[in-house]
Amino acid sequence: MTRIIITIILLVQFVVTITSAQSNTRNERTGQQNGPYSTESHVDRLNSTIFEQWANGNFSDSVIHEARQVLEIAREVEYKMGEADALTNLVRLSLLQYESSISLEYALSAIKLYEELGETENTGYNLMQIGVIYYTSQNLEKSQEYYDKAIEVFTSLQNEEKLATLYYLSGLNNTELGNFRVALEQLWNAYRYKEALNNTQGMA
């Protein structure tokens, strides 16, 4: 249970920077195209509010209900990016409530939309989320399968920060699988990426 909690905390750290940057870029784009009070901008703001609730540790039933409402709005106005972001919020929230089945369903739906939109980084994030979902349900082989897919995505993007987190999670997973040599290699990779980013805290 302790490792599961650590894994979820790492996910919070992993996503805050990327989500904030993507949210700002998306708000700029929708504002330019549709004006500050457009429906798409409204959906983006609602998704950002839900994300902030999650980042602050609020994953109550009321927040999940609000996230589902945002998903419905995005679908009604046929805003695929907003729909995918709403699904990703629901993945995060449901995962914290240990609802593995529904989290997996949301993540797979988000990936499908992000792939259609060419959102490679968001696709990689949800692949990692699926890895965590399987990890929390102790299906370590499936967890590793999705960690490896996410690593492939972020390797192609040359995203060292995300690779550091993924190699760390993968190292923990392989340790539990008994693949100690692989685990050591992946934990070393995590440290190496963190060191390259001048941020080795927590990796010693």
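**Entry 1: Lys149 and Glu145**

I started in helix α7 of this predicted model, where lysine 149 and glutamate 145 sit 4 residues apart, so about one helical turn separates them. I then looked at their side chains and found a salt bridge, with N and O at 3.5 Å. I also checked how open lysine 149 is: its relative accessibility is 34%, so I put it down as partly exposed.

**Entry 2: a second partner**

Which residue forms a salt bridge with glutamate 145 at 3.2 Å? I found lysine 142, and that distance is between the closest N and O atoms. Both residues belong to helix α7, which covers residues 140-156, and they are 3 residues apart, again about one turn.

Through shared partners, the bridges link Lys142, Glu145 and Lys149 into one network.

**Entry 3: Arg75 and Glu83**

Next I went to another pair. The side chains of arginine 75 and glutamate 83 make a salt bridge, 3.0 Å from N to O.

Is glutamate 83 buried or exposed? I got a relative accessible area of 14%, and buried means under 20%, so glutamate 83 is buried. Arginine 75 is at 43%, which I wrote down as partly exposed.

I also noted the total for the model: the count is 5 salt bridges.

I left the charges and turned to the nonpolar residues. I had read that in soluble globular proteins nonpolar side chains tend to be buried together.

How many residues does the largest nonpolar core have? I found 51, and the ones with the most contacts inside this core are Leu93, Met128, Ile130, Tyr147 and Leu166.

Then I listed which elements give two or more residues to this core: α2 (39-55), α3 (61-76), α4 (80-96), α5 (100-117), α6 (120-136), α7, α8 (160-177) and α9 (180-196). The most comes from α4, with 9 residues.

Methods: Residues are numbered from 1 along each chain as its sequence is written. This is a predicted model: local features need pLDDT of at least 70, side-chain atom pairs count only at pLDDT 80 or more; totals for chains, interfaces and linings use all residues. Side-chain values use heavy atoms; hydrogens and water are left out. A salt bridge is a side-chain nitrogen of Lys or Arg within 4 Å of a carboxyl oxygen of Asp or Glu. Buried means under 20% relative accessible area, exposed over 50%, partly exposed in between (1.4 Å probe, protein chains only). A nonpolar core is a set of buried Ala, Val, Leu, Ile, Met, Phe, Trp, Tyr and Cys residues joined through side-chain atoms within 4.5 Å.
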